[in-house]
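Reader: I have a model open and some quick questions. Can we walk through it together?
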Amino acid sequence: MQDTPPSVPDFTQWPSFPFEGEIRVKQLDDPVPVEPPRRGEADRECTACNAPDEAYIWVGERWRVRTMDRPTGLPMVLILESRSHLDLGDLPNLLAAELGVMTVRLERAIRSLDGVARVHVNRWGDGSAHLHMWFLARPYGRLQLRGTFLSLWDSILPPISEEQWRENLAMVAAWLAEFGGRPLAEPPRIQWQAPSSLSSPSPASAAEDVEEEAVSVIEAADEIPEAEPAEGNADGIEPAGVDSPDDAEPATGDVHDDGGASGGQERGADADATAPTESDSTGGAGHAEDGDGRTQRAIAE
């Protein structure tokens, strides 16, 4: 290994540091006289206060838990928020005590998932004035991910499967619901619909899937002070536990409305009972021709 320049910190040589090669320290900007307001401060809108319960995987009377809008590189990344618009130092004694209970409870729930070794708990708060605590699950056996840089590895590692991600969310929500509150995350549903085509996906669609990147912890809107709220859901999350149209179950034959599915099945059954088979149709055509021949001979005679 090459000698590290004195200007570069020693942690660049740690096994957990996710980068290698020549590294330079960025120029530090001059301090500003007045810091800009965070989300939820001054006249800036608070996205957490405006978010509906459906945007969370579990909700209680005073706390809510949400996740990212899609899977990331870690087995689980969750955010614990207070319902009240308070920051950490503003919590009254009751909420401060409950924060400790909720932190331990959520850590245990995430650590119970398969393949999770440790749960890192972080609080930054430079992007939003609404209290939000981050819970990051470190994969078991990935010793290189131990320590300070786990949030960086979250955006470097390939995302886990969405099926496993949704299953993990449902398990955590159910764990929390054992102590109260309401779980909103549901496990993935089995896809019963047959594919419309058996051909392999086109290269263009495959390229689109590869180009889509997951939003990581360090890219989250709550932790980027410079980013302006995006249109729609400013947190960049979609409601957890709400199934997409592709997950909708196909309609069954029990639903009918004046000749709907059930009526169509009954008429189809009647038609099948009266319709001739392929052999009957062939034989019927032959009888018709014989009948036409006898009729023509009778007229000739």
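Author: One term before we start: buried means under 20% relative accessible area. Asp 69 has 13% relative accessibility, so Asp 69 counts as buried. Also, this is a predicted model.

Reader: What does Asp 69 form a salt bridge with?
Author: With Arg 70. The closest N and O atoms are 3.2 Å apart.

Reader: OK, confidence. What does the chain average in pLDDT?
Author: The average is 75. 61% of the residues score at least 70.

Reader: Where does pLDDT stay under 50?
Author: Over residues 206-212, for one. The model has one contact beyond four places in sequence for that stretch. Residues 227-301 also stay under 50. For those, the model has 55 contacts beyond four places in sequence.

Reader: How should I read coordinates where pLDDT is low?
Author: Not in detail.

Reader: Moving on to the sheet. What order do the strands have?
Author: The order is β4-β5-β3-β2-β1-β6. It is an open sheet of six strands, with antiparallel pairing.

Reader: Which strands stand at the edges?
Author: β4 and β6. Each has a single partner strand, so one side of each is left without a neighbour in the sheet.

Reader: What packs on the sheet?
Author: Helix α2 does. α2 touches β1, β2, β3, β4 and β5. The direction of α2 makes about 155° with that of β4.

Reader: How many bridges join β4 to β5?
Author: Six, and the two strands run antiparallel. In that pairing, Val 121 stands opposite Phe 135 in β5.

Reader: Now β3. How many of its residues are buried?
Author: Six of its six, so to speak: β3 is mostly covered.

Reader: Which way do they point?
Author: Val 77, Ile 79 and Glu 81 point one way from β3. Leu 78, Leu 80 and Ser 82 point the other way. In a regular strand the side chains alternate between the two faces of the sheet.

Reader: What joins β3 to β2 and to β5?
Author: Five bridges join β2 to β3, running antiparallel. Another five join β3 to β5, also antiparallel. Val 65 stands opposite Leu 80 in β3. On the β5 side, the bridge partner of Ile 79 is Trp 134.

Reader: Switching to α4. What should its 16 residues span?
Author: At 1.5 Å a residue, α4 should span 22 Å. The end C-alpha atoms of α4 are 22 Å apart, which agrees.

Reader: Which α4 residues are buried?
Author: Trp 165, Arg 166, Asn 168, Leu 169, Ala 170, Val 172, Ala 173 and Leu 176.

Reader: What covers them?
Author: The cover includes β1, β2, β3, α2 and β6.

Reader: Buried or exposed?
Author: Exposed, because the relative accessible area of Tyr 140 is 66%, and the cut-off for exposed is over 50%.

Reader: What does Tyr 140 touch?
Author: Gly 115, Val 116 and Ala 117, not counting residues up to four places away in sequence. Tyr 140 and Gly 115 are 25 residues apart in sequence, but 5.1 Å apart in space, C-alpha to C-alpha.

Reader: Back to salt bridges. How many are there?
Author: The count comes to 12.

Reader: Which residues are linked in a network?
Author: Arg 38, Glu 41, Asp 87 and Arg 123. Within that group, Arg 38 forms a salt bridge with Glu 41, with the closest N and O atoms 2.9 Å apart. Arg 38 is buried at 18% relative accessible area, while Glu 41 is partly exposed at 27%.

Reader: And what about Asp 53 and Arg 64?
Author: Their side chains meet in a salt bridge, 2.9 Å from N to O. The pair links distant parts of the chain, 11 residues apart. Asp 53 is in the loop between α1 and β1, and Arg 64 is in strand β2. Asp 53 has 18% relative accessibility, so Asp 53 counts as buried. Arg 64 has 5%, so Arg 64 counts as buried too.

Definitions and conventions. Residues are numbered from 1 along each chain as its sequence is written. This is a predicted model: local features need pLDDT of at least 70, side-chain atom pairs count only at pLDDT 80 or more; totals for chains, interfaces and linings use all residues. Side-chain values use heavy atoms; hydrogens and water are left out. Helices (H or I, at least four residues) and strands (E, at least two) are DSSP runs, numbered from the N terminus. The expected span of a helix is 1.5 Å times one less than its number of residues. Buried means under 20% relative accessible area, exposed over 50%, partly exposed in between (1.4 Å probe, protein chains only). Contact means heavy atoms within 4.5 Å. Two strands pair if DSSP finds at least two bridges between them. pLDDT is the predictor's confidence in each residue, from 0 to 100. Axes are lines fitted to C-alpha atoms, for helices over the stretch in contact, and angles run from 0 to 180 degrees between N-to-C directions. A salt bridge is a side-chain nitrogen of Lys or Arg within 4 Å of a carboxyl oxygen of Asp or Glu.
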